[in-house]
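Welcome, and please open your viewer. We will go from stop to stop, with something to select at each one.

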Amino acid sequence: VTVESVSRTLESSYDDYCAAQMAKSLGKMDDYDFFMKRSSYYKNLFDPQTMLMRPKDAKGNWKTPFDRFALSHADTHGGDYTEGNAWQYTWHVQHEPEELIKLFGSDELFVNKLDSLFFLEVKGKEEGFISDVTGLIGQYAHGNEPSHHVAYLYNFANRSDKTQELIREIFDRFYLPKPDGLCGNDDCGQMSAWYVFSAMGFYPVNPAGGEYIIGAPQIPKITLSLPDDKTFVMEAKNLSKENKYVEKVEINGTEITDFRIHHKDIINVGNLVFTMTDQPKSKKKWRK
């Protein structure tokens, strides 16, 4: 039985999705179909009883006993998760969150389980090097990369307001101007990358998808320098401590009615304008 079985399956499912996109762009449709099929293998580990990604044994049976809170570093102590546990890895489906929600059965059930991630302050058994599992909000660990897209998943279940609340909380708690103000270590710059993207008001949940998921900007204005002396400007109107929610989003003066913007929207030059408010507004209410 391979150690890190759950982490490997989930991360490889995303890798297979990426390989499928490359195959498609090269016109190799047989390879595309092959890798896309494998990209859904994460579904084999979703346990409908616990609603968590759970390890199986070599015969395909659920491993028992199952400690959903146990933390381990599989390389040194065996186990099925890498520097994490079932709660943290269940959401590691970056290429098709809509399909993950279907496994839960409804938007409401998905949101309830995701809420639990941030509320459950249970400390499980710990083995091996898990020093990166820091910056905790419940079971959410901002100090470790597998958690970084999770706050943005509320958008896919019609609760953009919860994403916006969490983005502010993460900034206020884990990015502070003092010697120990950064939780975790800045592996390859990922802690900083999350900060920069999220401060601008969007994040690449699926980095290979050519799109960014709307969050909540944390700075009033930024200017990106693009090739050929072009620029892209993000502005957050009425941003304040109280005004942490997004009322509307406009690109080049046109209000968007979805929670996504696309990479081409940025590189084609333009303005992204957020209007902020102190009242939460779900994604459904954005739509006309």
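Which elements do the buried residues of α8 pack against? They pack against α7, β8 (202-203), β10 (221-226), β11 (230-237) and β15. Before you click, some ground rules: this is a predicted model, in which local features need pLDDT of at least 70 and side-chain atom pairs count only at pLDDT 80 or more, while totals for chains, interfaces and linings use all residues. Residues are numbered from 1 along each chain as its sequence is written, and side-chain values use heavy atoms, with hydrogens and water left out.

**Stop 1: helix α8**

Select Met191, Trp194, Ser198, Ala199 and Met200, the buried residues of α8. Buried means under 20% relative accessible area, exposed means over 50%, and partly exposed lies in between (1.4 Å probe, protein chains only). Packing here is judged by contact, meaning heavy atoms within 4.5 Å. The element names follow DSSP runs, numbered from the N terminus: helices are H or I with at least four residues, and strands are E with at least two. Now step just past α8 to Gly201, which takes a positive phi of about 100°.

**Stop 2: the nonpolar cores**

Next, select Met53, Trp91, Phe110, Leu114 and Phe118. In the largest nonpolar core, which has 46 residues, these five touch the most other members. A nonpolar core is a set of buried Ala, Val, Leu, Ile, Met, Phe, Trp, Tyr and Cys residues joined through side-chain atoms within 4.5 Å. Elements that each supply at least two residues of this core include α1, α6 (107-119) and α7 (160-174). Centre on Leu114: leaving aside neighbours within four places in sequence, Leu114 is in contact with Trp91, Val150, Leu153 and Tyr154. Then move to a second, separate core of 19 residues, which includes Phe202, Tyr212, Ile251 and Leu272. As background, nonpolar side chains tend to be buried together in soluble globular proteins.

**Stop 3: strand β12**

Keep Ile251 selected and show β12 (residues 245-251), where five of the seven residues are buried. β12 runs antiparallel to β15 (residues 270-277), and six bridges join the two strands. Two strands count as paired if DSSP finds at least two bridges between them. Ile251 has Leu272 as its bridge partner in β15. β12 is also joined to β13 (residues 254-255), again antiparallel, by two bridges; there, Glu250 is partnered with Glu255. In the hairpin of β12 and β13, two residues lie between the strands, and Asn252 takes a positive phi near 50°.

**Stop 4: salt bridges**

How many salt bridges are there? The count is twelve, where a salt bridge is a side-chain nitrogen of Lys or Arg within 4 Å of a carboxyl oxygen of Asp or Glu.

- Arg38 and Asp16, with N to O at 2.9 Å. This pair links distant parts of the chain, 22 residues apart: Arg38 is in helix α2 (residues 29-38) and Asp16 in helix α1 (residues 5-25). Arg38 is partly exposed at 30% relative accessibility, while Asp16 is buried at 10%.
- Arg54 and Asp47, with N to O at 3.1 Å. Both Arg54 and Asp47 are buried.
- Asp258 and Arg260, whose closest N and O atoms are 3.1 Å apart. Asp258 is partly exposed at 22%, and Arg260 counts as buried because its relative accessibility is 19%.
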